[in-house]
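Subject: Model for you to look at

Hello,

Here is the structure I said I would pass on. My notes follow below it.

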Amino acid sequence: MITAEQKPLKEIIEYISPYNRILLVGCNECVTVCAAGGRKEVGLLASALHLNCLKQGKTIEIKELTLERQCDPEYVEELVSEIGRVDAIVSMACGCGVQSVAARYKETPVFPAVNTKFMGASVAQGIWEERCKGCGDCMLGITGGICPVARCSKHLLNGPCGGTSYGMCEISPDVECAWCLIWERLKALGMEKRYEEIMEAKDWRPAGGGGPRKIIREDLSL
Amino acid sequence: MKTESRLEKVLASGALAVTSEVGPPRGALPEKVRQKATLIKDHVDGINVTDNQTAMVRMSSWAAGVIIKQMGLDPILQMVTRDRNRLAMQSDIIGAYSMGINTMMCLSGDHVKFGDHANANGVFDIDSVQLVQTVRRMRDEGKFQGGADIDTPPKMFIGAAANPFADPFELRVMRLAKKIKAGADFIQTQCIFNLDKFEKYMEMMCDRGLDQQVHLLAGITPMKSVGMARYMKNKVPGMDVPDDVIKRMAGVSKEEQPEEGIRIAIESIQRLKEVKGVHGFHIMAIEWEEKVPQIVEKAGLFPRPVL
């Protein structure tokens with residue numbers, strides 16, 4: 001899923017300081033799962049913003065709303081009745097959600113309340129790690145189910161660099177060496193020989209090197 | 001001969017080769033390059049010119065290499081895939097070759113995190129194996145990585161690095177095999193302090209017959225002090241400095257430690273000279289280039305072959 005973390009409160013306050021009526025919009029998808037921008041976080045952020053205003057002797061109106069999916073025009077449409085009544089929108093969705101709202105409501109400023117981080121998976125309660133770079137040409141089938149593009153700090157495709165120590169990456173003792181993981185997995189699968197096949201220079205076009213990416217599914221289009 | 005490289009000729013003659021390195025200055029100081037190269041010029045067959053080593057900006061290896069070439073010496077162009085994409089690297093290879101540089105080292109490079117531009121984005125468009133492959137295809141097939149023909153291809157003698165000490169150990173010879181398959185003509189290794197482990201690695205390499213396919217130069221670094229030995233053990237990723245080496249450095253007075261470090265380096269060379277598959281030495285005397293002649297002489301590697 002897409003992971004996110006709330007921005008520092010100070011930054012959000014700066015964005016909304018010229019405005020009195022705020023629409024604070026959460027999303028029920030990824031940011032809910034990673035506890036950055038779901039219904040609960042919308043409530044918490046609204047309280048924090050109210051409290052800050054009280055301290056400054058100001059009042060603001062905050063309308064709280066959490067959409068099923070902020071990256072989907074169908075749900076973004078649900079905001080239409082609120083738009084005339086607010087001065088600004090604060091979105092707690094990922095960057096996709098923020099842009100969907102901004103694209104639909106062109107005359108109302110939209111500000112992000114979270115920093116979108118990466119495509120990751122939960123590895124333990126409260127811990128998410130990057131797993132996918134969306135390179136558009138998945139090679140997990142030949143790397144033992146571990147992605148060197150997302151998980152090697154240098155996205156090396158042909159094996160570990162010389163900086164691996166005790167199975168960890170040279171950048172930090174907290175980061176596992178992707179190639180050590182791949183090697184262990186290939187061994188477990190009895191596929192050690194595969195390691196010596198040279199992986200050719202990657203075509204980065206599907207990864208974004210060819211410009212902004214798009215999927216068109218004619219079978220689904222209306 | 002694949003190239004005009006002096007290193008290739010020395011290795012083909014069957015003599016043990018000696019290379020060393022010059023780290024370019026952090027400023028527009030061509031004289032510094034000349035000074036460092038002058039210190040080692042009579043004692044080596046090639047001079048590695050490092051490429052923004054430890055991810056710090058320095059004079060480009062390309063430019064410093066040309067300065068060394070203009071002195072009538074033999075630079076070995078180091079190139080890391082961290083700072084440039086495949087277009088930039090190939091154009092630099094053609095440029096360097098056009099200026100008379102005919103030997104190079106293909107590396108991935110330290111992560112930007114270690115340098116003074118930690119906020120930069122590492123490029124890593126290709127990795128070191130793919131760079132070896134690219135340079136080999138440029139030379140042997142006259143093709144750019146993108147497939148087009150090169151009008152007068154650069155003929156580089158191609159080097160790659162190997163670290164026998166990084167994890168996982170059992171994969172390290174396979175990684176070497178992969179670099180050879182990609183087109184590496186010679187290998188320079190990481191600094192060797194754990195000789196037993198290195199000899200084990202060489203045995204595994206020879207068992208596969210890889211010593212017949214590539215020239216391996218063993219990496220030697222003299223240590224200036226016990227502090228440096230400890231630093232390398234604890235802080236430099238992928239470095240293996242055994243405790244007995246540290247004990248030996250700590251066993252002499254501070255004033256004598258530099259001499260002890262040099263003695264260790266010389267003894268290492270003498271022992272490794274006898275190891276099957278070792279075709280030479282790469283001496284990395286970090287900011288201590290003036291000691292290279294002494295090490296080469298005392299290790300019995302002087303004079304260098306005249307071609």
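Which residue of β3(A) does A:V25 stand opposite? A:V25 stands opposite A:L65.

This is a predicted model: local features need pLDDT of at least 70, side-chain atom pairs count only at pLDDT 80 or more, and totals for chains, interfaces and linings use all residues. Residues are numbered from 1 along each chain as its sequence is written, and chains are lettered from A and ligands numbered from 1 in the order in which they are written.

The sheet. Four strands of chain A form an open sheet in the order β3-β2-β4-β5, with parallel pairing. Strands (E, at least two residues) and helices (H or I, at least four) are DSSP runs numbered from the N terminus; two strands pair if DSSP finds at least two bridges between them. The edge strands are β3 (61-67) and β5 (110-112) of chain A. Strand β2 (21-27) of chain A pairs with β3(A) over seven bridges.

The contact between chains. Chain B gives 28 residues and chain A gives 26, where contact means C-beta atoms, placed from the backbone, within 7 Å. On the side of chain B, α6(B) has the largest share, seven residues.

Helix α8 (178-188) of chain A. Its buried residues include A:W179, A:L181 and A:W183; buried means that 20 or more other C-beta atoms, placed from the backbone, lie within 10 Å of the residue's own. The buried residues of α8(A) pack against α7 (148-151) of chain A together with α6 of chain B. After α8(A) comes A:G190, with a positive phi near 70°.

Regards

Note on methods
Two residues are in contact if their C-beta atoms, placed from the backbone, lie within 7 Å. A residue is buried if 20 or more other C-beta atoms lie within 10 Å of its own, exposed if 12 or fewer, and partly exposed in between; C-beta atoms are placed from the backbone.
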